[in-house]
Amino acid sequence: MDGSAILRYPIYMKIAQITDIHADDFLAESYGIDALARLEFLLGDIRKEKADLIVLTGDLGKASVFPGIAGLLEKGGIPWLYILGNHDEPADYLTRSDWAGGKGNGLPYYLRKTGEDVLIFLDTHNGAVDEEQKHWLETLLGGPEERFVLFSHHPIYDCGGTLMDRLYPLEGRKEITALLEASGKKIHIFCGHYHTVHGQTFGSVTQAVTPSLLVQLKKCSTVIEEEGSEYGYRIIGIDRSGVSSEVRMFS
């Protein structure tokens with residue numbers, strides 16, 4: 001692993017995950033939501049939670065608005081990292097100075113190490129995981145570390161045949177889940193994309209879907225429909241005894 005990619009935090013680490021911001025894009029416009037105002041509000045709550053790191057898990061919004069997102073994050077004074085979603089274009093981000101891409105080579109996936117854990121930042125912006133990235137992931141999981149925290153835009157496991165599972169799932173997900181389970185390691189997946197809250201456990205692998213900052217969608221509708229007016233983010237706690245998380249919702 002790249003020794004320069006080490007995050008030095010206390011024994012207990014708190015990560016705030018924000019996903020599906022959709023700042024000023026077609027979705028924000030259709031719902032008439034000011035995503036940047038919501039982000040500013042959430043960042044205030046995250047500061048109260050004393051998070052050590054903020055992770056954005058894709059569908060950031062219009063690339064032209066991202067400097068505004070970055071400005072709010074920098075103003076907050078908490079280190080932050082991000083990955084891309086299916087509505088993001090890598091060419092708009094991978095040359096930015098705040099991009100943390102793998103080993104400085106502009107890859108859309110990368111890792112960070114903190115204490116005894118590895119934080120994996122997977123790339124699924126095109127709705128799949130390519131062969132090179134699969135090999136990279138398999139190599140990581142074959143290393144000496146026993147616990148991994150994996151951030152992905154798309155859920156890797158099916159969430160029970162929801163509408164989003166049927167319409168916009170991660171392609172080739174069975175191959176990735178087989179790879180994760182075959183490793184025998186403790187793996188905690190935190191993702192978004194589905195605009196809902198969901199949690200599952202598969203042996204030593206857990207998956208938590210985090211709600212969108214913008215709007216939530218009904219899980220079992222036959223068409224895409226908004227569900228309520230709440231929005232939120234997830235707080236993830238990591239210590240030697242395990243990994244836990246909770247969702248914070250607002251309206």
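Predicted model: local features only at pLDDT ≥ 70, side-chain atom pairs only at ≥ 80, totals over all residues.

Biologist: Okay, what's the strand order in the open sheet?

Modeller: The order is β4-β5-β6-β7-β9-β8, which makes six strands with mixed pairing. At the edges are β4 and β8 (198–202), each of which pairs on one side only, and from one strand to the next the twist averages 15°.

Biologist: And how many bridges join β5 to β6?

Modeller: There are four bridges between strand β5 (residues 117–121) and strand β6 (residues 147–151), and the two strands run parallel. Within that pairing, Ile120 stands opposite Leu150 in β6.

Biologist: Which strands does α4 lie across?

Modeller: Helix α4 lies across β4, β5, β6 and β7 (186–191), and its direction is at about 170° to β5. Helix α6 (residues 173–183), for its part, lies across β6, β7, β8 and β9 (205–209), running at about 145° to β7.

Biologist: There's a lysine in α4, Lys134. Buried or exposed?

Modeller: Lys134 is buried, with a relative accessible area of 11%, where the cut-off for buried is under 20%. Leaving aside residues up to four places away in sequence, Lys134 touches Val129, Glu175, Ile176 and Leu179.

Biologist: Switching to the core, which residues touch the most other members?

Modeller: In the largest nonpolar core, which has 52 residues, those are Ile15, Ile18, Ile46, Ile54, Leu56, Tyr82 and Phe151. A second, separate core has 27 residues, including Cys159, Leu170, Leu180 and Val205.

Biologist: What does Phe151 touch?

Modeller: Not counting residues up to four places away in sequence, the contacts of Phe151 include Ile15, Val55, Ile120, Phe121 and Phe190. Phe151 also belongs to a cluster linked by ring pairs, together with Phe66, Trp80, Tyr82, Tyr93, Trp99, Tyr110, Phe121 and Phe190.

Biologist: How many aromatic pairs are there in the whole structure?

Modeller: The search finds 14 aromatic pairs. One of them joins Phe66 and Tyr82, a tilted pair at 4.9 Å centre to centre with 55° between the planes. Phe66 lies in helix α3 (residues 66–76) and Tyr82 in strand β3 (residues 80–83), so this pair ties together parts that are 16 residues apart in sequence. Both residues, Phe66 and Tyr82, are buried.

Biologist: And why is the pair of Tyr109 and Trp136 called tilted?

Modeller: Their ring centres are 4.7 Å apart and the planes are at 55°, so the pair is tilted, since only planes under 30 degrees apart count as stacked and those over 60 as edge-to-face. Tyr109 lies in the loop between β3 and β4 (110–114) and Trp136 in helix α4 (residues 131–141), so the pair ties together parts that are 27 residues apart in sequence. Tyr109 and Trp136 are both buried.

Terms used. Residues numbered from 1 in each chain as written. Heavy atoms only, no water. Phe/Tyr/Trp six-rings, centres within 6.5 Å; stacked < 30°, edge-to-face > 60°. Buried < 20%, exposed > 50% of the residue type's maximum accessible area, 1.4 Å probe, protein only. Core = buried A, V, L, I, M, F, W, Y, C linked by side-chain atoms within 4.5 Å. Contact = heavy atoms within 4.5 Å. Pairing = 2+ DSSP bridges. Axes fitted to C-alpha atoms, helices over the stretch in contact; angles between N-to-C directions.
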